[in-house]
There are 2 protein chains.
Amino acid sequence: MTKPTILTFESYDDWDVEPLEAAYKVYNLPYEGKVSDLPADAITEVEAFAFRGHGVLGADIINAFPKLGMIANYGVGYDTIDVDHASSRGVRVTNTPDVLTDDVADLVIGMIIAQSRGIVGASNWVHSGNWARNGAFPLQSKVSGKRFGIVGLGRIGRAVAERLQPFGGDVYYYSRTKKDAPQWTHCTDIVSMAEKVDVLVITVSGGPETAGLIGAETLTALGPQGLLVNASRGTTVDEAALLDALETGTIRSAALDVYDNEPHIDPRFLTLDNVLLQPHQSSGTVETRKIMGQLQRDNLAAYFAGKPLLTPVN
Amino acid sequence: MTKPTILTFESYDDWDVEPLEAAYKVYNLPYEGKVSDLPADAITEVEAFAFRGHGVLGADIINAFPKLGMIANYGVGYDTIDVDHASSRGVRVTNTPDVLTDDVADLVIGMIIAQSRGIVGASNWVHSGNWARNGAFPLQSKVSGKRFGIVGLGRIGRAVAERLQPFGGDVYYYSRTKKDAPQWTHCTDIVSMAEKVDVLVITVSGGPETAGLIGAETLTALGPQGLLVNASRGTTVDEAALLDALETGTIRSAALDVYDNEPHIDPRFLTLDNVLLQPHQSSGTVETRKIMGQLQRDNLAAYFAGKPLLTPVN
């Protein structure tokens, strides 16, 4: 039997490449590569994308492959994929939800504590010899007992809230509809929630609906003692407003895993001493990435077998 | 009324100095200062110590002050104070328990996540430009679902276990007697507990009873995937064995807030890339330090008023 042909985007780990190549004829579009550089056979043969990475997957790329019937996304967020256009052409889209929820929530808790308690600065304090030379590291900010606000109580928001529970503070959440979560306080307005809390965590999905959801007004409401944590998408925050707020002390600090224009982030971030910068690694564990790769392949296999997709988006 | 005379050790924050000087005639013994350098009046007048810092408070210093009747320690650990000798001379000792429990537990959770997920290295990855130049940060290790072992289920150990609960893994604890904690598994042997777990957290008190409690055998049992977290005292771990284990890969990594010979830690630690170093800052938040200072002063005030001490040690 002839193997179906797929197109992979950017680079995969060895433990993914091997099973993909065993099952499919694989073409690859590297980081910042152009469709026009692919061999002509790729254009005519490719039936599915194993999508991954930073680029935008728009109508132009979807239209370029006449036999394309499926886009299997590696990751839960599919905001860079033009799903509406895919649907209009009958192209199915899948993602990898659930399997990365724990990792994202873990990193959020780690970022809250690391930034509040100055873990990176404290590590530098030891390594630079400052501790031995100049004594105690400057006092930091307590975590337990703080008021936490979560923007979006989906799978990831809920996992964050559960992990915050034993820290003894109050947990508020913003969502359009009230969730089955009586232990946490539902808010219908982000700005007024930001006024109430010390730590504001963004866990909503990306995409047009949430673009610029957190702007200058919310940051002002969070205030000069406030910590903003973003592990969703760079687009959910008005980045210019955030940089201003960090530079002027409108908010105390931020912990970010996502940005506009990743990985070429705004150099203003690099000069700030009140922000913890992470390289979009919220699902970046060996354990989880292996499971994400498997789920992507399971969706591809279901598609080619004509079976129901495991985690369809459209 | 004449103010009683006290001796403070090392440096205090302004918010502590002011109320101490309002209530007492205060002499100060600076870091690495000598009793023999104090004015003669200090020797004859001092009735209480407001103790704080890294030094050893042994029989020699206690004996040097004929009117000494009380040592108020700033901190929960009093392993550097010769309490037996103080008791034999009728000198009362107090500490500041409970009020720092949250902070220590918070930092332990932060250290577990920061080290497992490489938060310090990931921050450096962004700041150095590696992300933009070389792509994704290397994959790290998942936290949720791991098996956690806690050595000592006192106030701090319990607070750590409670915070680990929502991470979905199994929690084991070592203590001589079984505690009222049916949700966690009691172990009577540290080495066999270390074999079972991925993360071993030390929260026991310091002092002669726990000196060298964690040695080469426990580290070997923890094994090449294991993470050791120490937020108790440097003395509870055989530091030479730990350095060997980190250098040879007997254990995967460590996250340490305490060491032998603080703040002049063994320079071998500084060359390792599998250890997170913190400068003994587990109670180092503004909120908690203010409460610790207040409790130290409340104990002093109770002593001079002839009232029961709030948190006596002997």
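A residue counts as buried if 20 or more other C-beta atoms lie within 10 Å of its own, as exposed if 12 or fewer do, and as partly exposed in between. Keep that in mind while looking at this predicted model.

Let's start with Glu10(B). It has 19 C-beta neighbours inside 10 Å, so Glu10(B) counts as partly exposed. Glu10(A) has 18 such neighbours, so it is classed as partly exposed too.

Next, a look at the cis peptide bonds. One joins Glu262(A) and Pro263(A), with omega at about -5°. Pro263(A) sits in the loop between strand 11 (253-256) and strand 12 of chain A. In chain B, the bond from Glu262(B) to Pro263(B) is cis, with omega near -5°.

How do the chains meet? In chain A, 45 residues are in contact with 45 residues of chain B. Helix 5 of chain A gives the largest share of chain A's side, 8 residues. Sorted by class, that side has 22 nonpolar, 14 polar and 9 charged residues.

Finally, chain A itself is assigned domain 1 (5-99 + 286-305) and domain 2 (101-277). Their centres, taken over C-alpha atoms, are 32 Å apart. Where the two domains touch, 6 residues of domain 1 are in contact with 9 residues of domain 2.

Key: Residues are numbered from 1 along each chain as its sequence is written. Chains are lettered from A and ligands numbered from 1 in the order in which they are written. This is a predicted model: local features need pLDDT of at least 70, side-chain atom pairs count only at pLDDT 80 or more; totals for chains, interfaces and linings use all residues. Two residues are in contact if their C-beta atoms, placed from the backbone, lie within 7 Å. Helices (H or I, at least four residues) and strands (E, at least two) are DSSP runs, numbered from the N terminus. Ala, Val, Leu, Ile, Met, Phe, Trp, Tyr, Cys and Pro count as nonpolar, Asp, Glu, Lys and Arg as charged, and the others, Gly among them, as polar. Domain bounds come from an automatic or database domain assignment.
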